[in-house]
Amino acid sequence: MIDFVLSWRSITWLDYFFLYISPGIVIATYLLINAWRERSSEFARVLMKLIGKEISLAEQLKEAGVYCLALICVLFGWPGFVIWFFKRKKDEATNQAWQALPDFECTPEYLITEVSPVDAEIASYIIDPLGSVPPLPFGHLNECWANFLSEMMDDQDEMWSFYIPKGSKTGKYQFKCSSDIRGYAKVRDGKVLAEFITERD
Amino acid sequence: MTAQVSERLIYGGKEIPLFTNPLSLYLKNNGITFESPHTANWRGYVGTWEILEYEGVERLYLVSLSAHKTYEEILSLSDVFPGYEKVFAHWFTGELRCPQGAQLEYHHMGYASVYEYDLLMDFKQGVMIRKHARHNELLKKKDEKDYPSFLRRGS
């Protein structure tokens, strides 16, 4: 069988033609099987009939015509479909990778200066004459600050303060922020890896 | 999205609706989420805030909280902030919006409904730095004749 396939040589233009459309036949068959498997169930057809929305003969003929046209397109234009299929797979993979990225408000352009955790803590104590804030760095946000510090494990990690002015486009989705945003970011090789927001609306 | 139940603000001895959620940063930072009891309260809580003045400085405090841990179980301020009767919102920088007067237009979404006036208060780290009122007017709705002829119905 393999010898026969390998020894085959095209003779007429018809051979070339069938050789060209054979992948198209495979793709069209695959699409037809899929369409057949996704056809309306008997229950759905009866239901449509009961509510007076039965598909008429004209509509069935129209649908058959559309299928025929689509099959001809697939048979002759299958290289285009193959390119489209791989392009879509690539776009999906790119989109999934982008979705998996963390969504930080702070992007590198909003970084101000590198600061040490000690300096950040000294500047963080809250003055409240009514005594409703714990006497800890960053007051009620102290637990979150502790979590942020615990992530600064690598020697290459730097802590930077950041400031995002009101109205700037921020984050992965580039929404306009409705207030000034300040905080600290964990930065490595110029990339923001974590953030701790100390004030915003 | 359904119009959302507002926060409450006690200011000048009066309780008024507050169309801003100053607690959101605290909850996000600490990874706290609540259960939504109904579609008009997706955030799952209603906070009561008060602006208290001390030596000429007005600060924003959370004085009461009703938060749904589950549909049935409701948490109070002391459950979320143990040991505190009121909480200074030192993380809040931005604008508080308090609608005033008659409702001019209802929008079935968030805090989008339009009222006669908005009392707007700017805060920096929980301290009020500016306040002003805004008079709202509805934009005139377009009539059929305001559209080009090819966009009119029945043309």
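Which residue forms a salt bridge with B:Asp118, and how far apart are the closest N and O atoms? The partner is B:Arg134, and the closest N and O atoms are 2.8 Å apart. A salt bridge here is a side-chain nitrogen of Lys or Arg within 4 Å of a carboxyl oxygen of Asp or Glu.

This is a predicted model: local features need pLDDT of at least 70, side-chain atom pairs count only at pLDDT 80 or more, and totals for chains, interfaces and linings use all residues. Residues are numbered from 1 along each chain as its sequence is written, chains are lettered from A and ligands numbered from 1 in the order in which they are written, and side-chain values use heavy atoms, with hydrogens and water left out.

Stay with B:Asp118. The bridge to B:Arg134 links distant parts of the chain: B:Arg134 sits in strand 9 (residues 127–135) of chain B and B:Asp118 in strand 8 of chain B, 16 residues apart. Strands (E, at least two residues) and helices (H or I, at least four) are DSSP runs, numbered from the N terminus. B:Asp118 also forms a salt bridge with B:Arg97, at 3.3 Å between the closest N and O atoms. B:Arg97 belongs to strand 7 (residues 94–105) of chain B, so this pair ties together parts that are 21 residues apart in sequence.

The terms are buried (under 20% relative accessible area), exposed (over 50%) and partly exposed (in between), with a 1.4 Å probe and protein chains only. B:Asp118 is buried at 2% relative accessibility. B:Arg97 is buried at 16%. B:Arg134 is partly exposed at 36%.

Strand 8 (residues 114–124) of chain B also holds B:Asp122. B:Asp122 is buried, at 15% relative accessibility. Leaving aside residues up to four places away in sequence, its contacts (heavy atoms within 4.5 Å) include B:Gly94, B:Glu95 and B:Arg130.

Now turn to the interface. In chain A, 25 residues are in contact with 22 residues of chain B. The two chains bury about 2,000 Å² between them, 58% of it on carbon and sulfur atoms. Buried area is the accessible area (1.4 Å probe) that two parts lose on being put together, summed over both. A:Leu130, A:His140 and A:Glu199 supply 29% of the area that chain A buries against chain B, more than any other three residues.

The rule finds one salt bridge across this interface. B:Lys124 and A:Glu199 meet there through their side chains (3.0 Å, N to O). On the side of chain A that touches chain B, strand 6 of chain A gives the most, with four residues.

Not counting residues up to four places away in sequence, A:Cys144 touches A:Phe196, B:Asn29 and B:Asn30.

A:Phe196 is part of one aromatic cluster with A:Phe138, A:Trp145, A:Phe148 and A:Tyr184. Rings of Phe, Tyr and Trp (its six-membered ring) pair if their centres lie within 6.5 Å; planes under 30 degrees apart count as stacked, over 60 as edge-to-face and the rest as tilted. The whole structure has 21 aromatic pairs over all chains. A:Phe138 and A:Trp145 have ring centres 4.6 Å apart and planes at 45 degrees, so the pair is tilted. Both A:Phe138 and A:Trp145 are buried.
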